Amino acid sequence: MPSSTEQGAGAAVAAAAAVIDGARLWQRLMAMAQIGQRGETGVDRPAFSAQDRAARRLLYGWARECALEASQDSIGNLFLRYPGRSSELAPVLTGSHLDSQPSGGRFDGAYGVIASLEAVAALARAGIRPARSIEVVAWSNEEGGRFAPGAMGSEIFAGVRSLADVLAVRDAAGVLLETALTDTIAALPEAATREGGPAPSAYLEAHIEQGPRLDREGIPVGVVAGIQGCLWLEYEVRGAAAHAGTTPHEYRRDALQGAIDLIGRLRDRCLRRSASCRFTVGRMSLEPNTPNTIPGRATFTVDFRDSDAVAFDELCRELREAAAPQPCELETRELFHHAPEIFSERMVEVVAEAARQQKFPACEIVSGAFHDALFVAQVCPVGMVFVRCRDGVSHNPLEYAAPGDVTAGAQVLMAALLRLASE
């Protein structure tokens with residue numbers, strides 16, 4: 001049996017013979033963007049909607065062109081299998097999602113799915129069939145814009161939550177997720193029913209960066225080293241509503257002023273402790289919210305993120321245990337928590353080596369956003385390939401990645417997949 005070094009060298013030689021069809025990749029990205037198109041460049045493609053079903057149908061049609069085997073699991077994750085030489089080896093998985101934000105762009109999620117399909121198509125054109133099968137996956141409901149929470153498909157696949165946990169969820173119009181899911185699975189009867197199966201040997205996901213670093217540094221490809229941990233908290237500061245004109249400042253219990261003081265204290269502490277952290281107040285509401293009344297209640301959210309596991313744990317504890325801003329009272333509620341996910345050195349190196357082989361400038365980067373890879377990491381080693389997006393804009397109709405960059409990312413993805421599938 002060849003050594004891992006020999007397998008890697010063989011995969012590199014084979015990868016040199018396989019070339020991504022960049023023109024077709026771009027054409028397919030633009031074709032997918034027409035499903036749920038909103039304005040000139042926006043996309044509104046909610047999970048388990050008619051638009052989502054049309055997107056899955058389009059993807060399936062492309063997959064048939066290179067004879068991929070289609071299957072769907074109980075949450076509607078769509079798998080497209082490129083068979084390897086050995087059916088006994090666990091497959092390599094690659095993909096992303098097709099659903100979008102209500103005012104999303106053309107590249108978030110869809111790029112990772114289509115780049116994965118084009119990577120497999122390039123291998124097929126070159127007559128390369130690795131030892132392991134490669135499965136392209138379109139994860140269900142990553143965004144959570146219609147049915148909350150997001151990342152349902154990858155979470156259920158990884159056993160983080162069960163199907164029963166989400167079937168009773170309803171969207172804003174009262175539609176039951178179970179009904180929409182049943183309709184979505186039924187809309188693609190050509191796909192076999194997928195039940196269980198071995199855990200993948202590895203998972204790779206290509207994605208636009210959704211941040212400004214690659215664009216500002218002029219680097220087309222990012223080698224993702226991990227995903228930041230995240231804590232969402234809601235703080236409710238309670239004071240006393242009173243007349244704005246008749247209550248002197250020394251007698252006030254101003255909930256808004258208390259919230260401002262608390263936010264400043266928490267933000268300063270986080271930034272002093274960790275230069276890599278992110279601290280965001282994304283939502284605030286006041287009661288009674290009238291021009292001439294001192295706020296009696298101020299409620300706001302904090303989104304805290306960091307890739308440093310030690311700093312993350314320390315600051316999460318301090319954020320949870322924050323003292324009330326005097327003379328007000330404070331109640332703190334935790335909405336979400338996920339520890340940082342640091343990718344294995346081997347997976348990071350596989351992607352980095354693929355970028356070197358393909359001669360694309362690349363740098364190591366940590367993802368500040370959630371991705372399906374975060375949850376798939378519970379069942380197998382994961383890696384990610386980022387491509388730069390203009391000004392770091394995402395979740396926005398202005399989201400844009402250049403044709404050359406999406407092709408570069410797909411080429412790196414293909415080389416990394418081939419390496420993993422050859423081991």
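Tutor: Rings of Phe, Tyr and Trp (its six-membered ring) pair if their centres lie within 6.5 Å; planes under 30 degrees apart count as stacked, over 60 as edge-to-face and the rest as tilted. This is a predicted model, in which local features need pLDDT of at least 70, side-chain atom pairs count only at pLDDT 80 or more, and totals for chains, interfaces and linings use all residues. Residues are numbered from 1 along each chain as its sequence is written, and side-chain values use heavy atoms, with hydrogens and water left out.

The whole structure holds 13 aromatic pairs. One of them joins F79 and F157, whose ring centres are 6.0 Å apart with 40° between the planes, a tilted arrangement. F79 belongs to strand β4 (residues 78–82) and F157 to helix α5 (residues 152–158), so the contact ties together parts that are 78 residues apart in sequence. Helices (H or I, at least four residues) and strands (E, at least two) are DSSP runs, numbered from the N terminus. F79 is buried, at 0% relative accessibility, whereas F157 is partly exposed at 23%; buried means under 20% relative accessible area, exposed over 50%, and partly exposed in between (1.4 Å probe, protein chains only).

A tilted pair is also formed by W232 and F370, at 6.2 Å centre to centre and 40° between the planes. W232 lies in strand β10 (residues 229–238) and F370 in the loop between β18 (362–367) and α11 (372–376), 138 residues apart. W232 is partly exposed, with a relative accessible area of 32%, and F370 is partly exposed at 21%.

F79 and F157 also belong to one aromatic cluster with W139 and Y203. Over the face of F79 lies R194, 3.8 Å from the ring centre. The charged end of R305 sits over the ring of F370, 4.9 Å from its centre. A charge sits over a ring if NZ of Lys or CZ of Arg is within 6 Å of the ring centre and within 35 degrees of the ring normal.
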